[in-house]
Amino acid sequence: AMPMSAAANAGASLTPSPVIATIASDQHDDNRFDIYKDLQEIALNHGDVKPKIMLTEWGYSTCEKQTQCFNPLVQALYVAQGLNLALADPTIDGIVYVNIHTPVRAIPNFWDETGLLESDYSTKPAFTIFQKFAKGSHS
């Protein structure tokens with residue numbers, strides 16, 4: 001696996017524009033994997049260099065709403081797809097996965113259900129995917 005590090009762009013200096021941190025709240029597409037490209041475009045339009053990106057609180061939930069949940073295999077598919085897309089984009093420096101563990105709740109919620117481990121610490125299928133990417137495994 002290719003390491004996601006800032007070393008790939010060592011020497012490039014970035015002066016972030018304050019506009020980079022804002023996304024219009026009326027876009028309603030905040031679940032797009034590539035939404036960070038909108039921020040890069042803002043930087044370019046303001047004369048800045050194309051910034052490197054660190055995806056924070058990234059993940060895929062097994063619940064869209066408190067009562068509408070999905071098969072954990074779907075989560076595994078999208079985690080694999082997202083990690084592959086990140087590896088293919090040299091402007092992504094890293095990813096911070098939002099939740100490793102799923103806490104015990106009476107009603108599941110979106111953020112809790114991004115967990116890669118169940119509340120009893122058994123693994124969801126996406127955990128194996130995440131683990132292979134973290135280790136750089138090709139198997």
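A salt bridge, as used here, is a side-chain nitrogen of Lys or Arg within 4 Å of a carboxyl oxygen of Asp or Glu. The structure you are looking at holds two of them. It is a predicted model, in which local features need pLDDT of at least 70 and side-chain atom pairs count only at pLDDT 80 or more, while totals for chains, interfaces and linings use all residues. Residues are numbered from 1 along each chain as its sequence is written, and side-chain values use heavy atoms, with hydrogens and water left out.

Let's visit the salt bridges to begin with. Side chains of opposite charge can pair when their charged atoms come close. Asp-93 pairs with Lys-52, and their closest N and O atoms are 3.8 Å apart. This pair links distant parts of the chain, 41 residues apart: Asp-93 sits in strand β4, and Lys-52 in the loop between α1 and β1. Helices (H or I, at least four residues) and strands (E, at least two) are DSSP runs, numbered from the N terminus. Asp-93 counts as buried because its relative accessibility is 17%; buried means under 20% relative accessible area, exposed over 50%, and partly exposed in between (1.4 Å probe, protein chains only).

The other salt bridge joins Glu-113 and Lys-124, with 3.7 Å between the closest N and O atoms. Both residues lie in the loop between β4 and α3 (125–135), so the pair ties together parts that are 11 residues apart in sequence. Glu-113 and Lys-124 are both buried.

Now turn to helix α1, residues 36–45, where Tyr-36, Leu-39, Gln-40 and Ala-43 are buried. Seen down the helix axis, these residues fall within an arc of 100° (taken from the directions from the axis to the C-beta atoms), so they line one face of α1. Their cover includes β1 (53–58) and β4 (92–97). After α1 comes Gly-47, with a positive phi near 85°.

Leaving aside residues up to four places away in sequence, Tyr-36 touches Ile-53, Leu-55, Asp-89, Thr-91 and Ile-92, where contact means heavy atoms within 4.5 Å. Tyr-36 also belongs to the largest nonpolar core, which has 12 residues, among them Trp-58, Leu-83 and Tyr-97. Such a core is a set of buried Ala, Val, Leu, Ile, Met, Phe, Trp, Tyr and Cys residues joined through side-chain atoms within 4.5 Å. β1, α2 and β4 each supply at least two residues of this core, and α2 gives the most, with four.

Helix α2, residues 72–88, also holds Tyr-78, which counts as partly exposed because its relative accessibility is 38%.
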